[in-house]
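Here is a short briefing on a structure that may be new to you. Please look over the sequence and the model before reading on.

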Amino acid sequence: MNDAVRSQFPSLKRIVNGRPVVHLDGPAGTQVPQSVIDAMMHVYSHSNANTHGQFVTSQETDQLIEHTRNQVAALLGAEGGHTISFGANMTSLNFVLANAITKSLQPGDEILITQLDHEANRGPWLNQRRHGIVVREVLLEEDGSLDYADLEKKISEKTRVIAIGLASNIFGTVNEIDRVRQLAYEVGALLVVDGVHFLPHLLTDIREIDCDFLLCSAYKFYGPHVGILYSRPGALDRLDTDRLRVQTQNAPYRIERGTLNHAALAGVSAAVDFIASNGEGSTLREKIISAMGHIQKYERSLAQQLYLGLRDLDGVDIYGPPLKETQRAPTISFTVENKRPEDICRYLADHSICAWDGNFYAIRAVEAMGLMGQGGVTRMGIAVYNTPEEIDYVIATLKGLLNA
Ligand SMILES: Cc1ncc(COP(=O)(O)O)c(C=O)c1O
């Protein structure tokens, strides 16, 4: 799929230290295709206005926002734009959501979070302890998967919310959401899902996930910095969100605050079209389903190549579930004996490779695995624009480091 895809990303032409830059930093934000940049520029050069006016540019803004809600609904397989709200980023939306949900809880009620989750799906819930809410934490297993026996033990009639990720941004683990949903609904708990790391790599089908709320973030799927919240129809209208009396009171507006970033929303819509352009079909959703099939297969083969290349290097420990499992994100974290991740990443950077070191805000997972002292891990994430040649180059560069 690759030359045609790569040619759409202007930033991939950049030369750093004499070589085209290799982006394995996608889990912290992917590169952006020209169509997304053009869509954002078009707003500023053509129809820059606030909402609900009587004049043409304002009406275009209203249409743009509603169109983008429908585009994102198609990406998630949701029933329509009325289920999609926007915010500055996933973290901000989750704080507002958690605060609103807690207004209907009583001291002693329980919220279940996990050790595997990004802090954005932990911190907003841990904060609720100041209202007397008990927050319990599902343990992590050594292979980077959740301890489901522990999860079952910690769910009870007191559990009001289960906050869990679909995929781990550090180990690539895909959680068994069917199992969690079943347990959540048996006790009548709300299921709040962080889809940020899953969405760019695997097909998201909200009807299958069947959660109450799902959060994601457009800059992880080739778009600009916009947070997205899906709410089950009716679920948002039941929440007492902090909002202004002048704003529209019902879903999806009920959780949004102030003026949205209209240019960025144009970019989100274009990012959905970019994903769909990798597939075939007559409707947008059909194209997305087909595209995600191609993307998953392509990214998987590169992840496999990276995994096997790393596995053959002396002193390298790879974390997370084995790649042969079908449900896994193409994100690989590792450590190298006697080398700190920041030094590895600096060496890679000198060789034009962008990769992250540290904990990536999955800090609880890094603590639980005992990796804090050594500076966390090195993380490499595959995106749709990476190539087999890049992976060969990365492995050869790491060999050079190990032999130095
Ligand atoms: C799994 C996961 N959840 C949540 C977030 C937070 O997203 P945002 O930066 O939009 O707040 C991130 C960002 O890295 C993430 O990887």
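**Strand 15 and its sheet**

Strand 14 (residues 356-358) pairs with strand 15 in the antiparallel sense, over 3 bridges. Two strands count as paired if DSSP finds at least two bridges between them. Helices (H or I, at least four residues) and strands (E, at least two) are DSSP runs, numbered from the N terminus.

This is a predicted model: local features need pLDDT of at least 70, side-chain atom pairs count only at pLDDT 80 or more, and totals for chains, interfaces and linings use all residues. Residues are numbered from 1 along each chain as its sequence is written, and side-chain values use heavy atoms, with hydrogens and water left out.

- Asp-357 stands opposite Thr-378 in strand 15.
- Trp-356 has Arg-379 of strand 15 as its bridge partner.
- Strand 12 (residues 331-336) is joined to strand 15 by 4 bridges, and the two run antiparallel.
- Arg-379 in strand 15 is also the bridge partner of Ser-333.
- Strand 15 (residues 377-381) is mostly covered, with 5 of its 5 residues buried. Buried means under 20% relative accessible area, exposed over 50%, and partly exposed in between (1.4 Å probe, protein chains only).
- In a regular strand the side chains alternate between the two faces of the sheet.
- Val-377, Arg-379 and Gly-381 point one way from strand 15, Thr-378 and Met-380 point the other way, and all are buried.
- The open sheet here has 4 strands in the order 11-12-15-14, with antiparallel pairing.
- Strand 11 (316-318) and strand 14 stand at its edges with a single partner strand each, so one side of each has no neighbour in the sheet.
- On average, neighbouring strands of this sheet are turned by 30 degrees against each other, direction ignored.

- Another open sheet has 7 strands in the order 4-10-9-8-7-5-6, with mixed pairing.
- Its edge strands are strand 4 (84-87) and strand 6 (134-138), and each pairs on one side only.
- The twist from one strand to the next averages 20 degrees.
- Strands of a sheet pair through backbone hydrogen bonds, either parallel or antiparallel.
- Strand 8 (residues 190-194) pairs with strand 9 (residues 213-217) in the parallel sense, over 3 bridges.
- Val-193 has Leu-214 in strand 9 as its bridge partner.
- Helix 4 (residues 90-102) lies across strand 4, strand 5 (110-114), strand 7 (159-165), strand 8, strand 9 and strand 10 (227-231). Helix 4 runs at about 160 degrees to strand 9.

**Helix 9 and its partners**

- Helix 2 (residues 34-46) and helix 9 (residues 262-276) pack at about 150 degrees, with their axes 8 Å apart. Axes are lines fitted to C-alpha atoms, for helices over the stretch in contact, and angles run from 0 to 180 degrees between N-to-C directions.
- Helix 2 and helix 9 are therefore roughly antiparallel to each other. Angles under 35 degrees count as roughly parallel, over 145 as roughly antiparallel, 65 to 115 as roughly perpendicular and the rest as oblique.
- On the helix 2 side, residues in the contact include Ala-39, Met-40 and Val-43; on the helix 9 side, they include Ala-263, Gly-267 and Phe-274. Contact means heavy atoms within 4.5 Å.
- The residues of this contact divide into 11 nonpolar, 3 polar and no charged. Ala, Val, Leu, Ile, Met, Phe, Trp, Tyr, Cys and Pro count as nonpolar, Asp, Glu, Lys and Arg as charged, and the others, Gly among them, as polar.
- Helix 9 also packs with helix 10 (residues 284-311), at an angle of about 65 degrees and with the axes 7 Å apart.
- Val-272, Asp-273, Ile-275 and Ala-276 in helix 9 meet residues of helix 10, including Lys-287 and Ile-295.

**Two residues of helix 3**

- Thr-68 lies in helix 3 (residues 56-76).
- Thr-68 counts as buried because its relative accessibility is 0%.
- Not counting residues up to four places away in sequence, Thr-68 touches Phe-86, Leu-265, Val-268 and Ser-269.
- Glu-60 lies in helix 3.
- Glu-60 has 26% relative accessibility, so Glu-60 counts as partly exposed.
- Glu-60 touches His-46 and Ser-47, not counting residues up to four places away in sequence.
- Glu-60 and Tyr-222 are 162 residues apart in sequence and 23 Å apart in space, C-alpha to C-alpha.
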